[in-house]
Amino acid sequence: MNESYKGDLNSIETTSRCITSPRRRLLLKATGAGILAPTALSSVTAGDTANSPSTAASLEEGSVSKISADPEAGFNYPYFLYLPSQPDSSKPLVVQPVNTGKSTDDFEEHLKAGERTVRRGTGRTISAELSAPYMVPVFPRPRNQPVDGTHYVHALDDTTMSIESGSLERVDLQLLAMADDARYRLEAAGYSIGDGIILNGFSASGNFVDRFAALHPDEVVSVSAGALNGTVILPLQRADGHRLPYPIGMADVEELTGHPFDGEAFRAVERFYFYGDRDWLDTITYQDAWTSRKLRDIALDVYGRNIHTERFPYSKAVHNALGTDAVFRRYEGIGHTDRGVAPDIVSFHRRVLDGEDIDTIREQLGGNVPDHGAHAERDVREPDVGESVTLDSRFSEVWDDEIEGFKWTFDDGKTAAGETVTRSFSSAGIHNAHLTAVTESGEQSETVEQVPVGVPEDGIGSPQLVVRDQSSDGTSIVIDRIATPVNANVGVTFRGTNGSRTAVVPAGVHEDVVYPFDEQLLEPVTVRLRMSDHHTGDRLAEAKAKISITSTSRSVDPQLIDADPEAGFHYPYYIYAPPRGENADPMPVLVEMVNSGTATDDFEEHRRAARRLVKGEKLQGSGRVLAHGLSAALLVPVFPRPRTDPVDNTHYIHSLDDTTMGIDEGPLKRVDRQLLAMVEDAQRRLEDEGYPVREEIMLNGFSASGNFADRFAMLHPEEVVSVTAGGVNGMVMLPIEEYHGHRLRYHIGTADLESFTGDPFDKEAFASVNRYYFMGEFDAADTIPYADAWTDEDLRQTALDVYGLHMQAERFPTSRTVYDRQSIPAAFRLYRNFRHSNSLAENDIIRFHKRSAAGESAEDLRRDFGANVPNSVATIRIAQRYAEVGSTVAVHAIESERYDAGSTIQWDFGDGATAEGPIARHAYTEAGTYEVSVAVSGRDGRTVTASEYVRVVDDTTPPEPETTKPGSDREERRDETPVATTSEAESPGFGIGGTLAALSSVGYLLKKRIGLESETTKHK
């Protein structure tokens, strides 16, 4: 049926017809058309029969038509069709699938998105510029019906391609049926079009068109796809010791489609891949995009962890090495948008249609993608002792230079030359393979592959949950040991009820983990603990313990203390003190700033946000959980974040920014001093309630309140014993006045601090404050583009110049490096597989503040809490953070600032052992936490140094617990695909002299780069 309209879709007409082309019959058979229940589409087709009939010839130039679902013709959902003025009969059909941006069972939402796309999408621009007809398929992205939200239909993901019945079965074939239907209608109306289709998409629809072109390359002329998270589909069946299933690679394409992958046709499709250098949005941690944790982990192993520095460069290197007609482009100053890219997209497709050579197109439209450099891959992920493993360097790529040769150096003294090398290792442990790629001009690019031989790659082994019988004041228990290879949820139940909200624990080995209860236990109980995979929910381990209750002192229920200008504060605050043991030592007051997440003049919004925080509502903050875990009083100041009154929204009060500190009159003048007055008032009230506290304070915050905590501790270090701040965009305040020629004003550095406080910066007091800074590996919430966070454009540019563009890869390492150089031992931690959330850090925050309050040294805290954030001038890569006594620990330092072929590198392993050279190995004979330090001296005589820590334990793989052990999801290390020899790898491939399997059988090994080891996150 056809609904042809202009303007506001007021004129709707219908017609019916029958198509019986050979391919149409094939599509009907493949999709089971005619069998699907028509009621499934009633919301789409309702009302069609009420319209007057017309013919296909009613299509008009410059008009948009909505073509209704036609199951008999092979498609179960509608599509939009646009016919440009004076269409060019030689041009193919342009196709851009709908991307609604959310899952919903309201099909009208998808229709509206389809209409926006057909009228204003980039595909419309392509259509207009090329004078080609334009089609927008409108498939749903359901939440529950006809399938659930794990089927990311708009991205054509693996779960979508696995749908075996119903209206969403084989949407790829339904799109082809729509294209045939559109051709029929256009030809019936007297318009001829060219063969094949042009595909365009961005974000989810970019994934759709990229994957569609891999499944049906014979149907596609050219494809443009942007913002794919760097995970361009790979024409490989194996990489990095993994079999690559769809949508990473092509290993199971025949299982999904019934047809083998056509490598020759794939290579012939012209592709344009692009992204913005300020695009942080990453779907890798979202279950709708990556339903299978195993699939997600394979993607991280193969592509890498960082979109910009690893995944996109790796995708480019693979496509270039395999000879595909692909152009890769990074755009500067662009975030998650294709605005401004349309002219290049149009130019790309126009030049393809004109028959221009892909190398010429690549030269003029490609570029700016970070250098992939030397790169090693292996065909076995975790080889056994004595097992052969092949290392391959063919995906190495150095910009503007040809690689002339490869040299391999191993940590057992052996060397080799050539693109590939096959060898075995005679001892268990992590082994270093040092690869040097030498270019024709004599330049060198290096990488180190750390190969786990006879040991688990993560160094952790089986999951473990150990808790002993214990006495408690009823507010928390202590879990003796948690060992988990993945981020895990830990829940506690007693008497069949939940004891607290679920705690999230990062992958690793943890001891003495404090688990706070929501409400105080008043009598003895037996608690049961369960640990499960945070991503999948699969059970990992269980334990139980008997808890006896000790006597407790009185507590203080949440109270709102009114503003008291006479006492120095113009706004109210909340105070809460949890129960604690009678003999417990007083703790400092814990302060967590309210963060309402929005600018509003309705003060009640801010007060309600503060109340939610002090009541412990999950999405508001961690304050109450931390107070229970620390047995410490909690203070939550209720400062507003105004839109217009008493100041405008350029004053980001909740982050204590420069404009806030610049307020010189009114109730928001010097909110930092108002907070100190609140603390003094609260301390007096708590003493009156018989709840003594210490004079200093502990600070905690996340996102905007994390900035507040960090900046307050810079302004008033003498008042603070410890501060924990997360999600601060990687830009920790720096305790220096100048850096790389920039004067560092507040809120970057200390150059003008005295103008705000009246006192010079007290570096000695600052250094005495224990600091723990953290963020998620996939945190995409960056405030740099926002005027409320960075009102001063010069200050914003200084921040970019000093910290860098990328939060995890540049800013956070830069912050750590400055602290290291200033001999201020702050702990910096990057949480793996997590995004803009502090839940994974809560137990670490409790332990950090508790140990700080107990007087532990800052250096000890940095040793135990810092992880995954390198010092950017002297970068140490340690293969295993957790090692057994007697096992080898592998390290390398080739990413250090001063490193080159003539560098001298000295290692100190912290137990008296030393070594020299860029790569080294060492076995520890006793358990403990050891400082590994390196000194890198360049040929100019300058030396840079850094330290990291490795933990050595007696046994990282404890005996199997009595509870049922979960099944291992470790895949087979080899499949039946033979390993390619060098001659096979150099063969034409792509269907010439063999299948692509022969080309792809040697796995890719991820190169570890500087700076990196969880739905789109909005501006905080």
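Tutor: Start at Asp240, in the loop between strand E8 (238-239) and strand E9. Keep in mind that this is a predicted model.

Student: What is the phi of Asp240, and is the residue buried or exposed?

Tutor: Take the backbone angle, then the cover. Asp240 has a positive phi of about 55°, although it is not a glycine. Its relative accessibility is 0%, so Asp240 counts as buried.

Student: Which other residue has a positive phi although it is not a glycine?

Tutor: Asn729 is one, with a phi of about 65°. Look for it in the loop between strand E33 (720-726) and strand E34 (738-739). Asn729 counts as buried because its relative accessibility is 2%, and the cut-off is under 20%.

Student: Now the peptide bonds. Where is a cis bond, and what is its omega?

Tutor: Go to Tyr246 and Pro247. A cis peptide bond joins them, with omega about 5°. Pro247 sits in the loop between strand E9 (242-243) and helix H8 (253-257).

Student: What about the bond from Tyr746 to His747?

Tutor: That peptide bond is cis as well, and its omega is near 10°. His747 belongs to the loop between strand E35 (742-743) and helix H19 (753-757).

Student: Next, a loop residue and its distance to another part of the chain. Where is Tyr77?

Tutor: Tyr77 is in the loop between strand E2 (63-67) and strand E3 (79-83). With a relative accessible area of 3%, Tyr77 is buried. Now compare sequence with space. Tyr77 and Leu175 are 98 residues apart in sequence, yet their C-alpha atoms are 9.4 Å apart.

Student: Let me step back. How many helices and strands does the protein have?

Tutor: It has 26 helices and 45 strands. Of its 1020 residues, 61% count as buried. The accessible surface comes to about 37400 Å², and 44% of that belongs to carbon and sulfur atoms.

Student: How do I read a pair of helices? What angle do H10 and H11 make?

Tutor: Check the angle and the axis distance together. Helix H10 (residues 293-303) and helix H11 (residues 307-321) pack at about 75°, and their axes are 8 Å apart. That makes H10 roughly perpendicular to H11.

Student: Which residues of H10 and H11 meet?

Tutor: From H10 come Leu300, Val302 and Tyr303. From H11 come Glu310, Arg311, Tyr314 and Ser315. The residues of this contact divide into four nonpolar, one polar and two charged.

Student: On to sheets. How do strands of a sheet pair?

Tutor: Strands pair through backbone hydrogen bonds, either parallel or antiparallel.

Student: Where do the side chains of a strand point?

Tutor: In a regular strand, they alternate between the two faces of the sheet. Read strand E40 this way. Thr888, Ala890 and His892 are on one side, and Val889 and Val891 are on the other. Both faces are covered, and these residues are all buried.

Student: Why is E40 described as largely enclosed by the rest of the structure?

Tutor: Five of the five residues of E40 (residues 888-892) are buried, so the strand is largely enclosed.

Student: Which strands pair with E40?

Tutor: Strand E38 (residues 877-878) pairs with E40 in the antiparallel sense, over two bridges. There, Ile878 stands opposite Val891. Strand E43 (residues 919-923) is also antiparallel to E40, over five bridges. His892 has Ile919 in E43 as its bridge partner.

Notes
Residues are numbered from 1 along each chain as its sequence is written. This is a predicted model: local features need pLDDT of at least 70, side-chain atom pairs count only at pLDDT 80 or more; totals for chains, interfaces and linings use all residues. Side-chain values use heavy atoms; hydrogens and water are left out. Helices (H or I, at least four residues) and strands (E, at least two) are DSSP runs, numbered from the N terminus. Buried means under 20% relative accessible area, exposed over 50%, partly exposed in between (1.4 Å probe, protein chains only). Accessible areas come from the Shrake-Rupley method with a 1.4 Å probe; for residues, only the protein chains shown count as cover. Axes are lines fitted to C-alpha atoms, for helices over the stretch in contact, and angles run from 0 to 180 degrees between N-to-C directions. Angles under 35 degrees count as roughly parallel, over 145 as roughly antiparallel, 65 to 115 as roughly perpendicular and the rest as oblique. Contact means heavy atoms within 4.5 Å. Ala, Val, Leu, Ile, Met, Phe, Trp, Tyr, Cys and Pro count as nonpolar, Asp, Glu, Lys and Arg as charged, and the others, Gly among them, as polar. Two strands pair if DSSP finds at least two bridges between them.
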